[in-house]
Amino acid sequence: MSEVLPLRMRSWLFAPGDSEKKMQKAAASAADIAIFDLEDAVSPEEKPRARVMVREFLQSQPAEALHRLWVRVNPLDGPHTLADLAAVMPARPGGIMLPKVYGRPDVERLDHYLSALEAAHGIEQGATRVIVLVTETAAAMFTTGDYAGAPRVVALTWGAEDLADSIGASNNRNPDGSYGFTYELARSLCLLGAATAGVAAVETIQGDFRDLEGLKARAEKVRRDGYRGMLAIHPAQVDVINAAFSPNEEEIAEAQEIVDIFAANPGVGAIGYKGGMLDRPYLARAEALLRLAGR
């Protein structure tokens, strides 16, 4: 039987499913989750071979490591998804990334496939978790709030490149390098959808893996906004992402102080603090930060 373990979701590192060397690097990295990619990183003619490679790699890993070894399958509107799942599920991946969704029905369809494959391979029902790419198609932008209670879903993430293709844009960036309005909207809708569903919001990739300072600034900014993790395309990005999504000691100390003040004054709706006033939303945020820090 599979056991559903607690999962950290700060860093999600992609590795091509047709490269054993890169899968090994991802699995051995400090990433909270390694994602072996059968979609964009693998050409159509190489997909059958990559499926076998991913399955064999998963089968070579210790059972206690599998909860953090996930697979990105191909989208449901193409011909590859069932073959991907049939190939990798016997090896018990910890989760599946579903790309290019159009809405909740895609997640429910995936749940049916996974339930059948779990039953076939003696895996506990529901043990295989799911992260959904919710903004890669134009239609999906209108369904980001529909995932509350969706089976297996533990996180939502977003993408800008496939969305640009979906809407026929020639570029998704402003002249200063920032995302254009539509793509910032996608980021916001992903965050709001994740909050509505009560799951983690995961920031999309930073393509320039050499710009670690820019990555640090971006990761810290989206964490302040409410994101709980970020996708990575290179092992060098992992430590930066892990640090950005881990509350520092100063933040933890302040959050604990706020919690302690309210605990010492039960029933109070607002209370003075460092020359200002704190109300209950500040307490809720402090408690959430302590949970994030594992306190």
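Is Glu 108 buried, exposed or partly exposed, and what is its relative accessible area? In this predicted model, Glu 108 is partly exposed, because its relative accessible area is 32%, and partly exposed covers values between the 20% limit for buried and the 50% limit for exposed. Its partner in a salt bridge is Arg 104, with the closest N and O atoms 2.9 Å apart. Arg 104 is also partly exposed, since its relative accessible area is 21%. Both residues belong to helix α4, where they are 4 residues apart, or about one turn of the helix.

The background to such pairs is simple. Side chains of opposite charge can pair when their charged atoms come close. In this model the count of salt bridges comes to 20.

Another of these pairs is Glu 39 with Lys 100, whose side chains meet at 2.4 Å, N to O. Here the partners come from distant parts of the chain, 61 residues apart. Glu 39 sits in the loop between β2 (33-37) and α2 (47-59), while Lys 100 sits in the loop between β4 (95-98) and α4 (104-120). Both Glu 39 and Lys 100 are buried.

A further salt bridge joins the side chains of Glu 251 and Arg 223, at 2.9 Å, N to O. Glu 251 is in helix α9 (residues 249-264) and Arg 223 is in helix α7 (residues 212-225), so this pair ties together parts that are 28 residues apart in sequence. Arg 223 has a relative accessible area of 13%, so Arg 223 is buried.

Now turn to the strands. In what order do the 8 strands close into a barrel? The order is β1-β2-β3-β4-β5-β6-β7-β8, and the pairing is parallel. On average, neighbouring strands of this sheet are turned by 25° against each other, with direction ignored. One of the pairings is between strand β1 (residues 11-16) and strand β8 (residues 229-232), which run in the parallel sense and share 3 bridges. Within this pairing, Leu 13 has Ala 232 in β8 as its bridge partner.

Conventions. Residues numbered from 1 in each chain as written. Predicted model: local features only at pLDDT ≥ 70, side-chain atom pairs only at ≥ 80, totals over all residues. Heavy atoms only, no water. Salt bridge = Lys/Arg side-chain N within 4 Å of Asp/Glu carboxyl O. Helix = DSSP H or I, 4+ residues; strand = E, 2+ residues; numbered from the N terminus. Buried < 20%, exposed > 50% of the residue type's maximum accessible area, 1.4 Å probe, protein only. Pairing = 2+ DSSP bridges. Axes fitted to C-alpha atoms, helices over the stretch in contact; angles between N-to-C directions.
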